[in-house]
Amino acid sequence: MGLRRGDEGAGRKAGAWSVSAPATVGTEGHTRAAIVQLLLEEGPITATAIGSKLGLAPAGVRRHLDALIDTGQARASRSAPWQQKGRGRPAKQYQLTAAGRGTLGHAYDDLAGAAIRQLGEIGGEKAITEFARKRARTIVAGIEPVRQHTAGENTADTEAKAEEIAEAFTEAGFAATTRKVGTGVQICQHHCPVSHVAEEFPQLCAAELEAFRELLGTHVQRLATIANGDCACTTHVPLLSVPIAQNNTSTQTAAQPAAVRTNDSGRSAE
């Protein structure tokens, strides 16, 4: 999700398709990416022109275009009379919507990484840590810490607070959920909008965990992180109170993040 330090200054997104020559179509995902890139660079464009440039059958091109329209990433409109070649009904032309352009790669990660590196040069590690803490606290701003509890009591409050934290992180783009596992509850962040920056600056992950501990009033344990290559950031919250001051850690439970399902429906009329 962003450029590594050695890629700074790179112009075009790595891996972007070039449309100067027919694309070598290997998978559905690569085909869709090639079509999206063509819509970006040459749209509005007809399905016939897309097929010709990419070496694809018209039916296959329209199937991908329909899928992009269904998800709001593309739209179709009729060609103007002066654009029509020959007789018959004007051909449809396709182009990306604002939502479609928004799904493409940006250099925001690269900019954020450069800014944090500069912050570190000016203020050192302490400045980066404080920045990370303020960011985490901003995400959970307005959430009150759980009431003080003793072992085995008020577990419902802890569960409710974990759900409240997950909702706050979802609003911040982390697609977070909670699930009951054994004697605890897990907060699963299925997406991390700053994962590549966090690879270089683990203070971001540490600050999130610190915020969890402050709000939940117990020692929580990070089981997995997207920045380390896992499929989700999973944090275990024990429902049996473990004071933060202690060095005890909860019994490790395998991270089992729930699958994220999307259900897009509706087809744009030809």
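Contact here means heavy atoms within 4.5 Å. Helices (H or I, at least four residues) and strands (E, at least two) are DSSP runs, numbered from the N terminus. The model is predicted: local features need pLDDT of at least 70, side-chain atom pairs count only at pLDDT 80 or more, and totals for chains, interfaces and linings use all residues. Residues are numbered from 1 along each chain as its sequence is written, and side-chain values use heavy atoms, with hydrogens and water left out.

**View 1. Helix α2 meets helix α3.** On the α2 side, the contact residues are A47, T48, I50 and G51. On the α3 side, they are V61, R62 and L65. By class, this contact has 4 nonpolar, 2 polar and 1 charged residues. Ala, Val, Leu, Ile, Met, Phe, Trp, Tyr, Cys and Pro count as nonpolar; Asp, Glu, Lys and Arg count as charged; the others, Gly among them, count as polar.

**View 2. The axes of α2 and α3 cross at roughly 120 degrees.** Helix α2 covers residues 47–54, and helix α3 covers residues 58–70. Their axes come within 9 Å. Axes are lines fitted to C-alpha atoms, for helices over the stretch in contact; angles run from 0 to 180 degrees between N-to-C directions. The crossing is right-handed. A crossing is left-handed if the near helix is turned anticlockwise from the far one by less than a right angle, and right-handed if clockwise.

**View 3. R133 and E210 form a salt bridge.** The term means a side-chain nitrogen of Lys or Arg within 4 Å of a carboxyl oxygen of Asp or Glu. By this rule the count is 8 salt bridges. For R133 and E210, the N to O distance is 3.1 Å. R133 sits in helix α5 (residues 108–139) and E210 in helix α8 (residues 203–216), 77 residues apart. R133 is partly exposed because its relative accessibility is 30%. E210, at 25%, is also partly exposed. Buried means under 20% relative accessible area, exposed over 50%, and partly exposed in between (1.4 Å probe, protein chains only). A network of salt bridges links R133, R137, E210 and E214.

**View 4. E208 pairs with R135 and with R222.** The closest N and O atoms of R135 and E208 are 3.8 Å apart. R135 lies in helix α5 and E208 in helix α8, so this pair ties together parts 73 residues apart in sequence. Both R135 and E208 are buried. Between E208 and R222, the closest N and O atoms are 3.7 Å apart. R222 belongs to strand β5 (residues 221–224), so its pairing with E208 of helix α8 ties together parts 14 residues apart in sequence. R222 is buried, as is E208.
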